[in-house]
Amino acid sequence: MRDEARGPQPGKIRIFHLSDIHFGLEDPAALEWARQCIVNEVPHAVVVTGDLTMRARHREYIAAIEWINALDAPVTVNIGNHDMPYFNLVERFVAPYRRYRAIHAMLETEIDLPGVAIVPLKSAARAQWRLNWSKGWITRSALDETLERIDALPQGTQIIVSVHHPLVETGTKGTALTRGGARALEELARRKVLAVLSGHVHDPFDLIEETAVGPVRMIGAGTLSRRLRSTPPSFNEIAIADGTITVEARNLSHVATPDMQIDDVPENALPPRNADEPVSAVATIPIVDPPVH
Ligand SMILES: [Fe+2]
Ligand SMILES: [Fe+2]
């Protein structure tokens, strides 16, 4: 039994960072294991960094909402690119968050813990002036909203930011994973946030990104869906004590955390098909993605 299985230790904050559950293509065994871990270990908070559903269908939302509502922990959920209504363009533009009504209180909400605050940042845009809507976009107003929240926190608060898309702009000529990501990262570095938690790429990582005003820690969670990239289903256990943050990429396959983590952020969330794409040491790359029905 894990030594902390009976609940939190004093002075230490434990956050379970889940991502990309993709209800509709979830991994039932992995999801049930994650739920049991939450029940048994009682983390201070659960952060779900987006892509709750596969196609934003009503039945996928119902399953997602039921699962999240049953968790006995403070939860914050980021909206992912898969959570925008695909099949109803009017709804996508007019009321993209409507399907989330039942968990509205958890949607991109701040969680305040002793000495630590989890502050959300929006990255999923309902429409963009480019064809690929799966990419992230940190708008000026979304960034301002997050920065205002951070600036309102008491001095000395350790800040964790949660967002769906990793805040890197790896590509050029408009192929950036997250438009506005570099600007956002720099503002967060200026405020000395402890880490930025994200999802979207379906493999875990724990990287330091340099900016003009200093480094930022970027922590990515893997997926709890069957839409695997190069690692088995996993979630991150994040522990914060005395200003230090440690990350464990927990998984049912007993793969060690360093082998789970990729050493660079890929440009998309698709299984790697080219030799130069970053993969984890386990590299369990599916030949095809499972079909969505
Ligand atoms: Fe995803
Ligand atoms: Fe995504």
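Tutor: Start with confidence: pLDDT is the predictor's confidence in each residue, from 0 to 100. This is a predicted model, so local features need pLDDT of at least 70 and side-chain atom pairs count only at pLDDT 80 or more, while totals for chains, interfaces and linings use all residues. Residues are numbered from 1 along each chain as its sequence is written, and chains are lettered from A and ligands numbered from 1 in the order in which they are written. The chain has a mean pLDDT of 87, with 85% of its residues at 70 or more. Over residues 1-7, pLDDT stays under 50. For that stretch the model has five contacts beyond four places in sequence, a contact being two residues whose C-beta atoms, placed from the backbone, lie within 7 Å. Where pLDDT is low, the predicted coordinates should not be read in detail.

Now the sheet. Strands (E, at least two residues) and helices (H or I, at least four) are DSSP runs, numbered from the N terminus. Two strands pair if DSSP finds at least two bridges between them. Six strands form an open sheet with mixed pairing, in the order β4-β5-β7-β9-β11-β10. β4 (111-113) and β10 (205-211) stand at the edges with a single partner strand each, so one side of each has no neighbour in the sheet. On average, neighbouring strands are turned by 25° against each other, direction ignored; axes are lines fitted to C-alpha atoms, for helices over the stretch in contact, and angles run from 0 to 180 degrees between N-to-C directions.

β4 and β5 run antiparallel and are joined by three bridges, with Ile-111 opposite Ile-118 in β5. Helix α4 (residues 140-151) packs on the sheet, touching β5 and β7 (158-162), and its direction makes about 165° with that of β5. Helix α5 (residues 181-190) also packs on the sheet, touching β7, β9 (195-198), β10 and β11 (214-220).

β7 and β9 run parallel, joined by three bridges, and Ile-160 stands opposite Ala-195 in β9. β9 also pairs with β11 in the parallel sense over three bridges, where Ser-198 stands opposite Gly-220. From β9, Ala-195 and Leu-197 point one way, Val-196 and Ser-198 the other, and all are buried (20 or more other C-beta atoms within 10 Å of a residue's own; exposed is 12 or fewer, partly exposed in between; C-beta atoms are placed from the backbone).

Finally, Pro-120 is found in β5 (residues 116-120). Pro-120 counts as buried because it has 26 C-beta neighbours inside 10 Å.
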